[in-house]
Amino acid sequence: MTTKTNKSTPAAADRILTEEEILKMDEKDYMNPAQMAFFKAKLQALEKELLKNAGETTEHLRETVLVPDPADRATIEEEHALELRTRDRERKLLKKVQQSIVAIDGGDYGWCEETGEPIGIPRLIARPTATLSLEAQQRRELKQKLYGD
């Protein structure tokens with residue numbers, strides 16, 4: 001069983017490992033400096049992309065075109081509303097990404113907030129902002145389904 005230890009990341013690694021290399025690592029190497037560096041790079045790339053998308057949306061919304069046809073105007077307004085909803089979801093994701101980067105810097109990344117057990121490399125690769133193990137997430141979703149929020 002893997003246990004949580006406070007590991008420092010001295011110069012982590014000279015290069016960032018690939019997903020395949022990370023997945024092949026032994027369970028005892030869980031959240032070693034190389035893995036932390038991999039996830040930090042992945043999260044920073046995601047953060048950069050989300051910030052770029054937000055900037056593009058701002059520019060796109062400033063480019064308002066006046067069209068006399070009410071149907072065309074309604075289409076443009078609906079596109080803007082859809083884009084704003086998408087950016088709102090991305091804004092929430094950006095907050096989680098930034099919290100995950102802070103957790104990496106603090107040495108707490110990769111460990112379930114509820115149980116303290118490892119979240120697991122495959123789950124973190126699929127969802128790098130995960131804060132719960134798969135079992136804890138399933139329990140939380142079941143409670144929400146049964147009792148509501």
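Biologist: Over residues 112-136, how much of the chain is helix, how much is strand, and how far apart are the end C-alpha atoms?

Modeller: This is a predicted model, so read what follows as computed from it. Residues 112-136 are 36% helix and 0% strand, with 8 Å between the end C-alpha atoms. An unreviewed UniProt entry places the feature "zinc finger region: dksA C4-type" at these positions.

Biologist: Which domain does UniProt place at residues 107-141?

Modeller: The record, again an unreviewed entry, gives "domain: Zinc finger DksA/TraR C4-type" for residues 107-141. In the model that span is 40% helix and 0% strand, and its end C-alpha atoms lie 27 Å apart.

Biologist: What span does helix α3 reach, and what is expected for it?

Modeller: The expected value rests on 1.5 Å a residue. Helix α3 covers residues 70-106, 37 residues in total, and reaches 54 Å from first to last C-alpha, close to the expected 54 Å. Helix α5, residues 134-147, has 14 residues and reaches 20 Å, close to the 20 Å expected.

Biologist: Which residues follow these helices with a positive phi?

Modeller: After α3 comes Gly107, with a positive phi near 80 degrees. Just after α5, Gly148 has a positive phi of about 80 degrees.

Biologist: Which residues of α3 are buried?

Modeller: The cut-off is under 20% relative accessible area. In α3 the buried residues are His80, Glu83, Glu90, Leu94, Val97, Ser100, Ile101 and Ile104. Helix α2, residues 33-62, is among the elements that cover them.

Biologist: How many aromatic pairs does the structure hold, and how is a pair of aromatic rings described?

Modeller: A pair of aromatic rings is described by the distance of the centres and the angle of the planes. The structure holds 3 aromatic pairs. The ring centres of Tyr30 and Trp111 are 5.0 Å apart and the planes stand at 85 degrees, so this pair is edge-to-face. The pair links distant parts of the chain, 81 residues apart: Tyr30 sits in the loop between α1 and α2, Trp111 in the loop between α3 and α4.

Biologist: Are Tyr30 and Trp111 buried or exposed?

Modeller: Tyr30 has 6% relative accessibility, so Tyr30 counts as buried. Trp111 is buried as well, with a relative accessible area of 6%.

Biologist: Why is the pair of Phe38 and Phe39 edge-to-face?

Modeller: Their ring centres are 5.0 Å apart and their planes are at 80 degrees, so the pair is edge-to-face. Phe38 is buried at 8% relative accessible area, and Phe39 is buried at 0%. Ring pairs also bring in Tyr109, linking Phe38, Phe39 and Tyr109 into a cluster.

Definitions and conventions: Residues are numbered from 1 along each chain as its sequence is written. This is a predicted model: local features need pLDDT of at least 70, side-chain atom pairs count only at pLDDT 80 or more; totals for chains, interfaces and linings use all residues. Side-chain values use heavy atoms; hydrogens and water are left out. Helices (H or I, at least four residues) and strands (E, at least two) are DSSP runs, numbered from the N terminus. The expected span of a helix is 1.5 Å times one less than its number of residues. UniProt positions are given in the numbering used here, feature names are shortened, and annotations may be inferred rather than shown by experiment. Buried means under 20% relative accessible area, exposed over 50%, partly exposed in between (1.4 Å probe, protein chains only). Contact means heavy atoms within 4.5 Å. Rings of Phe, Tyr and Trp (its six-membered ring) pair if their centres lie within 6.5 Å; planes under 30 degrees apart count as stacked, over 60 as edge-to-face and the rest as tilted.
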